[in-house]
Amino acid sequence: MYTFERLSDEVHIATSAEHTFGTDALLLSYFAKPKARDIAIDMGTGCGIVPLLWLRNEFPKTVHCLDIQQNAYEQVKYSIENNGFEERLIPHLGDLREIDKQFTAETFTLVTMNPPYKPLNTGIESLGESARIARHEVCCNIEDAVKTAAYLLKYGGRFCMCHRPERLVDAISLMRSYHLEPKRLRFVVDRAGEEPFLFLIEGKKNSKPFLRIEPTLSIKKENGKFTEEMLKVYGSFADGYDK
């Protein structure tokens, strides 16, 4: 049913045909950079890749994660048990559009989400229901994600999200409308000189306007090998890559 993948010598993640992970989630985990005192939650967590990558380190001590799908919730619980993370990773099953049923306002200092990228009735919709929910705005759109993050965050808390470049204007305008001021923006390209296929953005609750555009992150060098920064993104997951 599950296949375990090594994230480090100490951390392994259960993946399945319904819930696996890609480069976008690795980049989001890296971009968010939890601080030692952060109280963090990853929404739409799927297999739990973002929090499990964080837990390769000593901090944050405890992370929460949320998903609407029962099979994703059970899969994350399986990874928690396998890694002995019962005290460090707390899974929640629920709809982020009804977040007030699970959490009081201003509970967290960091919220992350790798949301569905495709609006409903666009592109080729995935055949499986789990994949359809993960990839299309069936249960969540950008506004749902931003609104929920604004509810969950304490004053000065951070919301980090990744999305496709064509949705950047939507993301910025919605973040501002919910008082999550965009503070950091970074584009991702496959190789230097190409158009971005992804952006990473951080908004800070009730912060003053000032947006920093960070250097573009290139995944591969001209020879097709990962760049040095991309190896940092992978961390111990990439051990032995150049051997």
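**Figure 1. H179 is exposed, with a relative accessible area of 52%.** Exposed stands for over 50% relative accessible area, buried for under 20% and partly exposed for values in between, using a 1.4 Å probe and protein chains only. The model shown is predicted: local features need pLDDT of at least 70, side-chain atom pairs count only at pLDDT 80 or more, and totals for chains, interfaces and linings use all residues. Residues are numbered from 1 along each chain as its sequence is written, and side-chain values use heavy atoms, without hydrogens or water. H179 sits in the loop between helix 6 (168-177) and strand 8. Helices (H or I, at least four residues) and strands (E, at least two) are DSSP runs, numbered from the N terminus. The phi of H179 is positive, near 65 degrees, and the residue is not a glycine. Most residues other than glycine have a negative phi, and most peptide bonds are trans.

**Figure 2. E106 and the F59-P60 bond are shown for their backbone angles.** E106, which is not a glycine, has a positive phi of about 60 degrees. The loop between strand 5 (89-93) and strand 6 holds E106. With a relative accessible area of 45%, E106 is partly exposed. F59 and P60 are joined by a cis peptide bond, with omega at about 0 degrees. P60 belongs to the loop between helix 2 and strand 4 (63-67).

**Figure 3. Helix 1 spans residues 23-32 and is mostly covered.** Eight of the ten residues of helix 1 are buried; they are D24, A25, L26, L27, L28, S29, F31 and A32. Just after helix 1, K33 has a positive phi of about 45 degrees. K33 lies in the loop between helix 1 and strand 3 (40-43) and is partly exposed, with a relative accessible area of 43%. Leaving out residues up to four places away in sequence, K33 touches R158 and R184, where contact means heavy atoms within 4.5 Å. The C-alpha atoms of K33 and C160 are separated by 9.6 Å, although these residues are 127 residues apart along the chain.

**Figure 4. The second largest pocket holds about 200 Å³ of space.** A pocket is an open set of points on a 1 Å grid over the protein atoms alone, where a 1.4 Å probe fits, with protein on both sides within 12 Å along at least five of seven lines; lining residues have an atom within 4 Å of a point. Points are joined across faces, edges and corners, and the volume is the space filled by probe spheres set on them. The second largest pocket has 13 lining residues, and those nearest its centre are S29, Y30, W54, R56 and N57. Helix 1, helix 2 (49-54) and helix 7 (228-234) are the elements that each give two or more residues to this lining. Helix 1 gives the most, with three residues. By class, the lining has eight nonpolar, two polar and three charged residues. Nonpolar covers Ala, Val, Leu, Ile, Met, Phe, Trp, Tyr, Cys and Pro, charged covers Asp, Glu, Lys and Arg, and polar covers the others, including Gly.

**Figure 5. T112 is buried, with a relative accessible area of 0%.** T112 is part of strand 6 (residues 108-113). A polar contact of 2.8 Å links the side chains of T112 and D42. Such a contact is a pair of N or O atoms within 3.5 Å; within protein, one must be able to donate a hydrogen and the other to accept it, and residues adjacent in sequence count only if both atoms are side-chain atoms. Apart from neighbours within four places in sequence, the residues in contact with T112 include L28 and A32, as well as W54, F159 and C160.

**Figure 6. Strand 9 is largely enclosed by the rest of the structure, because seven of its eight residues (198-205) are buried.** Strand 7 (residues 153-163) pairs with strand 9 in the antiparallel sense over six bridges; pairing requires at least two DSSP bridges between two strands. H163 has F199 of strand 9 as its bridge partner. Strand 8 (residues 180-191) is antiparallel to strand 9, and eight bridges join them. Here P182 stands opposite G203. Six residues lie between the two strands of this hairpin, and G193 in the turn has a positive phi of about 95 degrees.
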